[in-house]
Amino acid sequence: VPPGLGQARQAYAAREHPTGIPSQQSLAPRSAVPKAGPTVVAPRSSSSVPALGTHDATATPVASASARPRGTPTPAPKPTPGQTGGAPGGFIGRSGTQLTLHGQSYRFTGINIYMATSGGTPSSCGGELYPNVGVPLSDMPSGIVFRFWAFQNFFVSNGSFNWTNFDQVLAVAAAHGDKVIPVLTNQYSYCDGINKDLSWYQSGYNTTVKPGDIVVNRYADDSTIAMWQLVNEGQAVNDDGTCNEPTALSALLAFSKDVGGMVHGIDPNHLVSLGALAGWNGSGRPDGQWCGAWNGDYQTLMASPGTDVCDFHDYGYSPYPMGNPQAPDLATAIQMCHADGKPIMVAETGIYATSTSDLAARAAAYKAKFAAQFQAGVVGELMWCWAVNPAFVVPTADPDYGIFPGDPSLGVLGTF
């Protein structure tokens, strides 16, 4: 299991729970089931209504595609509008703490299919997927949102960009009536080069993320995209894993203004999510929180004009529909994000199942989570994550998050 893919999923499961709070294992009785089939679950170390696509006009655009560093692959021609499809309903915007679609309040459910654009060859991130993402979507209702990794290195071939997989995913999603959230960078080295630390957020991203203007420019006119997310689980830790919170917050604010401003400047149609999180990350540091977003710093960070939609990742505590009840938690994240006048989504929520006997209880737990969290004010819920086949593991581990064909949890999608 490559370390550092993302702390939330592994750490949430391993974290010591406060006294009296049952662990994830209380979901249902467990039975020892041998691992079966390939594992494709990502390993862990996951008023008036404004014009659609509105963002803060004070966000300052920065380097454009014409300012790409030397050695950057040559971009492929931009498709004409509609060439890669376009899910019904147009572009998603926001009005205060709500998402909007055609001026009406909008919320979504869906799933992470993180390997959607990288699948197709055994060496790709997440392993061989399928002929295309239409296979998993055929097990789901139409109108969902799915989130996937769109790291720049996925689309480079022989010194040029090759957008075939990205184009195909958008076309299939549009045909199914779905929308997508592409994630441009991973905090961790898994599938995306190096672990991102404080120095990367201060200056190193200039040669990695900012060429993301190429992908954003290419798909700026495609309404299949729900929003862009800049980083998966972003936090500005020191290179030794420690955290200087004031310095980290400053770095993330500058990064959000710069890169979020660049995306807004190139693409006024789509919302942007920074991808930094509130709450506990299980890192083992004394603070235990995401570096750069401790306590009230999360509200300060989410107020950045570079981000439109807040994010939270919810793992473990399945008997508790709102997740970990120890603040800072989802409830406080909602309060802080709403105080900034912005919507908040739960872009990853994962529940273990170690045998088929757990599946019905897991589906019921997802239904309870979605009901409680939507009622509390979130605008979107995405399960973690799609798997080609069940691969149950005892003791519990990453493959147990997998949601696969016939899984009753898929029946929860489309019911909210």
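Good morning. Buried here means under 20% relative accessible area, while exposed means over 50% and partly exposed in between, with a 1.4 Å probe and protein chains only. C310 lies in strand 11 (residues 310-315) and C337 in helix 8 (residues 330-339), so the pair ties together parts that are 27 residues apart in sequence. Helices (H or I, at least four residues) and strands (E, at least two) are DSSP runs, numbered from the N terminus.

Before going further, a word on the source. This is a predicted model, in which local features need pLDDT of at least 70 and side-chain atom pairs count only at pLDDT 80 or more, while totals for chains, interfaces and linings use all residues. Residues are numbered from 1 along each chain as its sequence is written, and side-chain values use heavy atoms, with hydrogens and water left out.

pLDDT is the predictor's confidence in each residue, from 0 to 100. The chain has a mean pLDDT of 80, and 74% of its residues reach 70 or more. Over residues 1-5 the pLDDT is below 50, and this stretch has 21 contacts in the model beyond near neighbours in sequence. A contact means heavy atoms within 4.5 Å. Residues 43-72 also stay under 50 in pLDDT, and the model has 84 contacts for them beyond four places in sequence.

Let me return to the cysteines. A disulfide is a covalent bond between the sulfur atoms of two cysteines. The criterion applied is a pair of cysteine sulfur atoms within 2.5 Å, and a search of the whole structure finds two disulfides. In the C310 and C337 disulfide, the sulfur atoms are 1.9 Å apart. The torsion about this S-S bond, between C310 and C337, is about 90°, so the disulfide is right-handed.

The other disulfide is formed by C243 and C291, with sulfur atoms 2.1 Å apart. What ties together parts that are 48 residues apart in sequence? The pair does so, because C243 lies in the loop between strand 9 (227-229) and helix 6, and C291 in the loop between strand 10 (271-273) and helix 7 (297-302). The S-S torsion of C243 and C291 is about 90°, so this disulfide is right-handed as well. Both C243 and C291 are buried.

Helix 6 (residues 245-266) contains S256. S256 is buried, at a relative accessible area of 0%. Beyond four places in sequence, S256 is in contact with residues including L274, S304 and T307.

I turn now to strand 5. All five of the residues in strand 5 (residues 145-149) are buried. In a regular strand the side chains alternate between the two faces of the sheet. In strand 5, V145, R147 and W149 are on one side and F146 and F148 on the other, and both faces are covered. Two strands pair if DSSP finds at least two bridges between them. Strand 5 runs parallel to strand 4 (residues 108-112), joined by three bridges, and parallel to strand 8 (residues 179-183), joined by five bridges. F146 stands opposite I111, and its bridge partner in strand 8 is V180.

Finally, M383 lies in strand 13 (residues 380-383). Is M383 buried or exposed? M383 counts as buried, at 0% relative accessibility. Among the residues that M383 touches beyond four places in sequence are I111, Y366, F370 and L413. M383 and L413 are 30 residues apart in sequence and 9.3 Å apart in space, C-alpha to C-alpha.
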